[in-house]
Amino acid sequence: MQVDRITHKSPATSCYHCTYGAQVLDDGTTRFRVWAPGAERVELVIDDHAFPMERDEDGNHTLPIEVDADTRYVYRIGDRQVPDPASRAQPGGVLGASMVVDPRDYVWKCNDWNGMPWHRAAICEVHVGAMGGFDTLRQALPRLSASGFTAIELMPIASFQGDRNWGYDGVLPYAPDASYGSIHALKAMIDEAHRLGVAVILDVVYNHFGPLGNELPNYAPEFFAPDVHTPWGAAIDFRRPQVARYFIDNALMWINEYRFDGLRLDAVHAIQPKSFLDELGAAVRRTCLPRGREVWLILENEHNTAGLLRGDYNAQWNDDAHNALHVLLTGEHEGYYADFAKHPTDDLAKVLSEGFVFQGQHDRRGLSRGEPSGDLHPHAFVLFLQNHDQIGNRPMGERLTCLANEADLRAAMVLVALSPMVPLFFMGEEWGCRTPFYYFTDYEGELAQKVRDGRRAEFAHFSGFTDPDRRARIPDPNALDTYAASIPRVDDAMQALAWKRWFADLLQWRKRYLADRLAGSCARGCEVLGDKTVYARWRLGDGHEWQIALNLSDQDVALPRDPATKVLWIEPQHAMDALDRGTLAAHTAVVMERE
């Protein structure tokens, strides 16, 4: 990828020249291009006027033409009229016409922002729709910054069918969904975040398209690999250079044109071949590093491919750590928690000292997964107690505030907030939110019924939902009430205020005393002190030793006090008396430092 794909009218505008779609060029023309290798003739249709496009030997159909920004258009391929698969905007939804966008129309205000080092990140994951859209999220940024967050992560915003969706059913990945607001509003939100010193990450889905509105199989079946299957059907064929280019350009557009500070790649274990991830990572680094920008690449990867974290990728969501902590907090043991139900304390000790639990051994399905990860620095892992998946993929969408003992939950949150791993929290955790977060979509007819039935059948083997009547109580994903009930709210204002102050102190403390010392840090081991009790140590970049002891059990545990250590945080505060006597009280977390 050449740096000259990025152009500017001035330092305050940004445009990335994508290979496909409607690209406004510097000479005032707009170049339309679509890949349809099986079609001999493709026409650009504007206001019922059809313009033949020129086909090259690779199946690209191209036409440069003078049109205004905001022009609506479709492609006619055979007897079908389809939106542009690289459409920058879909004001009428994914089944309507595409719209020409001149990305240089937005004048950026915060032009001295170059990002921040990854180890300074403290992330809040948000759903843009549940936050009220781009404009309302922009207005919430001062509150999120005051809570101690240095970054927000948007669940996917690519255009989807209907008015509401988690975002993982997107079908036009270049176009922000119109239900969230305008492109100008999205850029203004990112601009304001940067003014406040907050980085913005975007969750992108490159492993599949949603079930409705994706026209590619109808005119470009070559986009897919019939010999490779995923849970969503035939896999996207990244072996084809045009397909790889389509997604790499998408990543570079978000980073360079919208000025996102990082991307979180969803479920990359479903992407084949793995060389595509190497290609994507290298393209991002070639484009951004010469400009001195700090750009983050984060993975969700069931395969625990540690090798990717030694290259162009900053970190991976640490599902192993979450699963071990969830079992310790709730005692749940079904589904993927079964892999962690036998020895959850040992598993927690392993993730705190080595990163992953699964480093090549077999899981409950008999699959060998993972690679050795003990050499990786701790901020190669994103640590969390909750995220959209771990809440919303529950039948009733409960948060941990409704599932776990409050003292244990607060102690575990201290571990997440003050460990050398990068912390992530889900919107509302900062005030102890109890609102559920359900899985929601907006489909109609047969597809809506399939989603509804599939959602309920998914939990039929869980002990609490073997009864069909009980399963019938699982909220209908397509019901407007399901979405409305998922919007975070405050139930007890005084309790929320106290929790919010406590949480903000945690993250502000991390920012002030830990974040800038994490470069060059490494794990020094983690000892199991007893049931549900661990004692972890890390060496920070300045040579000091960072220590966290966590006791989620009902029993006090001996923890002899080293006179050379300084207690920095203890939760709850009244556990300090016991610690002075050489005891780590039940339901307690303590953070210490040794020079």
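Trainee: Where does Pro572 lie?
Mentor: Pro572 is in the loop between strand S28 (565-571) and helix H14 (576-580). Keep in mind that this is a predicted model.

Trainee: And what kind of peptide bond joins Glu571 and Pro572?
Mentor: A cis one, with omega at about 0°.

Trainee: OK, what about Gln272 and Pro273, what joins them?
Mentor: A cis peptide bond joins that pair, and omega there is about -5°. As for its place in the chain, Pro273 belongs to the loop between strand S19 (262-265) and helix H5 (275-288).

Trainee: Staying with backbone, what's phi of Arg259?
Mentor: Near 65°, which is a positive value in a residue other than glycine. Arg259 sits in the loop between H4 and S19.

Trainee: Speaking of H4, at what angle do the axes of H4 and H5 cross?
Mentor: Roughly 35°, and the axes come within 10 Å. In that crossing, H4 passes H5 in the right-handed sense.

Trainee: Which residues make the contact?
Mentor: From H4 you have Ala244, Phe247, Ile248, Ala251, Leu252, Ile255 and Asn256. H5 brings Phe276, Glu279, Leu280, Ala283, Val284, Thr287 and Cys288. By class, that contact comes to eleven nonpolar, two polar and one charged residues.

Trainee: Switching topic: how many cavities of 30 Å³ or more does the structure hold?
Mentor: Six of them. The largest cavity has a volume of about 150 Å³.

Trainee: Which lining residues are closest to the centre of the largest one?
Mentor: Ala158, Pro173, Val204, Val205 and Tyr206, out of 19 residues that line it. H4 turns up here as well: helix H4 (241-256), strand S15 (172-176) and strand S16 (199-204) each supply at least two residues of that lining.

Trainee: And how does the lining of the largest cavity split by class?
Mentor: There are 14 nonpolar, four polar and one charged residues in that lining.

Trainee: Back to helix pairs. How do H9 and H13 pack?
Mentor: Helix H9 (residues 406-418) and helix H13 (residues 493-513) pack at an angle of about 30°, and their axes are 9 Å apart. Angles under 35 degrees count as roughly parallel, so H9 and H13 are roughly parallel to each other.

Trainee: Left-handed or right-handed, that crossing of H9 and H13?
Mentor: Right-handed.

Trainee: Which residues meet there?
Mentor: On the H9 side, Glu406, Leu409, Arg410, Met413, Val414, Val416, Ala417 and Leu418. Facing them from H13 are Gln495, Trp499, Trp502, Phe503, Leu506, Leu507, Trp509 and Arg510. Sorted by class, the contact of H9 with H13 has twelve nonpolar, one polar and three charged residues.

Trainee: One more pair: what's the crossing angle of H6 and H7?
Mentor: For helix H6 (residues 319-330) and helix H7 (residues 344-354), the axes cross at roughly 145° and come within 9 Å. The crossing of H6 and H7 is left-handed.

Trainee: Which residues in H6 meet H7?
Mentor: Asp320, Ala321, Ala324, Leu325, Val327 and Leu328. Their partners in H7 are Pro344, Thr345, Asp347, Leu348 and Val351. That contact divides into eight nonpolar, one polar and two charged residues.

Technical notes
Residues are numbered from 1 along each chain as its sequence is written. This is a predicted model: local features need pLDDT of at least 70, side-chain atom pairs count only at pLDDT 80 or more; totals for chains, interfaces and linings use all residues. Side-chain values use heavy atoms; hydrogens and water are left out. Axes are lines fitted to C-alpha atoms, for helices over the stretch in contact, and angles run from 0 to 180 degrees between N-to-C directions. Helices (H or I, at least four residues) and strands (E, at least two) are DSSP runs, numbered from the N terminus. Angles under 35 degrees count as roughly parallel, over 145 as roughly antiparallel, 65 to 115 as roughly perpendicular and the rest as oblique. A crossing is left-handed if the near helix is turned anticlockwise from the far one by less than a right angle, and right-handed if clockwise. Contact means heavy atoms within 4.5 Å. Ala, Val, Leu, Ile, Met, Phe, Trp, Tyr, Cys and Pro count as nonpolar, Asp, Glu, Lys and Arg as charged, and the others, Gly among them, as polar. On a 1 Å grid over the protein atoms alone, a cavity is a set of points where a 1.4 Å probe fits but cannot get out, and a pocket is an open set with protein on both sides within 12 Å along at least five of seven lines; lining residues have an atom within 4 Å of a point. Grid points are joined across faces, edges and corners, and a volume is the space filled by probe spheres set on the points.
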